[in-house]
Amino acid sequence: MTSSEDTCTAQTIKNGDTVILFQGFDSMTFAKMCVRKITDNRFGSFSHDDMIGQVFGTRVYSRAPRPSRGRKRKPGGSLSRSSRGWLSVLHPTPELWTLSLSHRTQILYHTDISLILMYLELKPGSLVVESGTGSGSLSTAIARTIAPFGHLFTFEFNLERVKSARKDFEMNKINDLITVTHRNVCKDGFPDIPSLDSLKTSTQSDAFGDVEMRSGTTTTTPSLESSPVEVEEPNKSGVIDVKLEEKSSVRPSSEPSKSSSEPPSEPLPEPSSEPSSEPSSEPSLEPLSEPSSSEPPKSSSEPLSSSSSAPRVGTVDGIFLDLPNPWLVLPSVFRNLKSTGNLCSFSP
Ligand SMILES: C[S@@+](CC[C@H](N)C(=O)[O-])C[C@H]1O[C@@H](n2cnc3c(N)ncnc32)[C@H](O)[C@@H]1O
């Protein structure tokens, strides 16, 4: 295949592709292309058959008149283009995905995301850790930045969000770059993150001991367990520079700012069954409070190999925290960060 054919194939919408259905900057959704499927919305009925085989960016027209207009068509009269709704079918970039994803939590937008990626100094091939995953808005942007050789380990203690994030990453074909793990990192800390080299030689399940859910309980395989560590003061832990960025973000009016004291206009969906380790309230809406205890987070089990008692050399280039009480995670952060690595924490 020639390079021009390559480019042509990459730009053509295929059955099974995830696309952005763009009707305007304040109105976009996504769809997985499926032969003979129709997507209905307030702009009309859009056949996937009209999209598959077209190039990304194509404008497609509704097969039926816009439902909201209510104007009667003359019997036998043909549908003019002006009486039909339209949309543009776009390639799902992280920026467009952030604006069209299903919100399971409050999310980060690209003004904040660009700052975070810059502070973490991420680049292709970086090894990154994030918690919590939330709706995966930041994770998707990280995946694009570290592709094609890097890896993101993202941790989330809400089981429904873990499952939805895995589904979304698979749909966007970035699941090879991201491992989503169900874990309460404030309680159990981050596990020891393997190096990128060791990832190449193992399958995801044996390298990272992906968490299995059985009847609402969480079992972790040995490689995910953390070793007990002493909490050190930051300067003794090798922190050499701290930057504080204060800013008020402009967010779409449909979503309240994280710092707002008003309740969200629509209640966030609550998962039906939660892991027992998760607090009952929505953590991301709580103001940061003082640490309830100066104790380090307790490891859920003893280290499993004698080598874990040796001083650990961190493997991770960047760690990002977007959760309440981020200081509880610091021991496992310092254990995992490379000496040149960066930690960034979002504080509402
Ligand atoms: C504000 S959301 C993160 C949004 C995400 N950055 C995005 O852009 O989509 C915070 C997430 O952290 C999760 N979380 C809070 N405390 C946690 C903990 N101790 N361990 C793991 N996840 C936690 C919450 O369930 C929530 O989904």
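In the predicted model, residues 24 or more positions apart account for 66% of the contacts in the protein chain that have a separation of 6 or more. The chain comprises 9 helices and 13 strands, and buried residues make up 42% of its 348 residues. Its accessible surface comes to about 19100 Å², of which 54% belongs to carbon and sulfur atoms.

The ligand is surrounded by 25 residues, the closest of which are Leu108, Glu156, Arg161, Asn184 and Val185. By residue class, the shell around the ligand divides into 9 nonpolar, 11 polar and 5 charged residues. Two helices, α4 (137–146) and α6 (185–188), each supply at least two residues of this shell. For a nitrogen atom of the ligand, a backbone N or O atom of Cys186 lies at 3.5 Å. Taken alone, the ligand exposes 610 Å², and the protein buries 99% of that area.

Helix α4, which contributes to the ligand shell, is itself mostly covered, with 9 of its 10 residues buried. These buried residues are Ser137, Leu138, Ser139, Thr140, Ala141, Ile142, Ala143, Thr145 and Ile146. In the loop between β7 (127–131) and α4 is Gly132, and the peptide bond from Ser131 to Gly132 is cis, with omega near -10°. In the loop between α4 and β8 (151–156) is Pro148, and the peptide bond from Ala147 to Pro148 is likewise cis, with omega near 5°. Most peptide bonds are trans, and most residues other than glycine have a negative phi.

Helix α5 (residues 159–171) has 13 residues and reaches 19 Å from its first C-alpha to its last, close to the 18 Å expected at 1.5 Å a residue. At the N-terminal end, α5 is capped by Asn158, a side-chain oxygen of which lies 3.0 Å from the backbone nitrogen of Glu160. The buried residues of α5 include Leu159, Arg161, Val162, Ala165, Asp168, Phe169 and Met171; of these, Arg161 is also named among the residues closest to the ligand. A spacing of this kind can be read against helix geometry. Residues three or four places apart point the same way, because an α-helix has 3.6 residues a turn.

Beyond α5, the loop between that helix and β9 (178–182) contains Asn172. Asn172 has a relative accessible area of 15% and is therefore buried, since the cut-off for burial is under 20%. Leaving aside neighbours within four places in sequence, Asn172 is in contact with Thr18, Pro92 and Trp97. Lys173, which follows α5, has a positive phi, near 60°.

Positive phi values in residues other than glycine are also found at Arg36, where phi is near 70°, and at Glu121, where phi is near 55°. Arg36 is placed in the loop between β2 (27–32) and β3 (38–41), whereas Glu121 is placed in the loop between α3 (110–120) and β7. At 70% relative accessibility Arg36 counts as exposed, and Glu121, at 54% relative accessibility, counts as exposed as well, because the exposed class begins over 50%.

Terms used. Residues numbered from 1 in each chain as written. Predicted model: local features only at pLDDT ≥ 70, side-chain atom pairs only at ≥ 80, totals over all residues. Heavy atoms only, no water. Near = heavy atom within 4 Å. Polar contact = N/O pair within 3.5 Å; in protein donor to acceptor, adjacent residues only side chain to side chain. Areas by Shrake-Rupley, 256 points an atom, 1.4 Å probe, with all protein chains shown as cover. Helix = DSSP H or I, 4+ residues; strand = E, 2+ residues; numbered from the N terminus. Nonpolar A, V, L, I, M, F, W, Y, C, P; charged D, E, K, R; others polar. Expected span 1.5 Å × (residues − 1). Buried < 20%, exposed > 50% of the residue type's maximum accessible area, 1.4 Å probe, protein only. Contact = heavy atoms within 4.5 Å.
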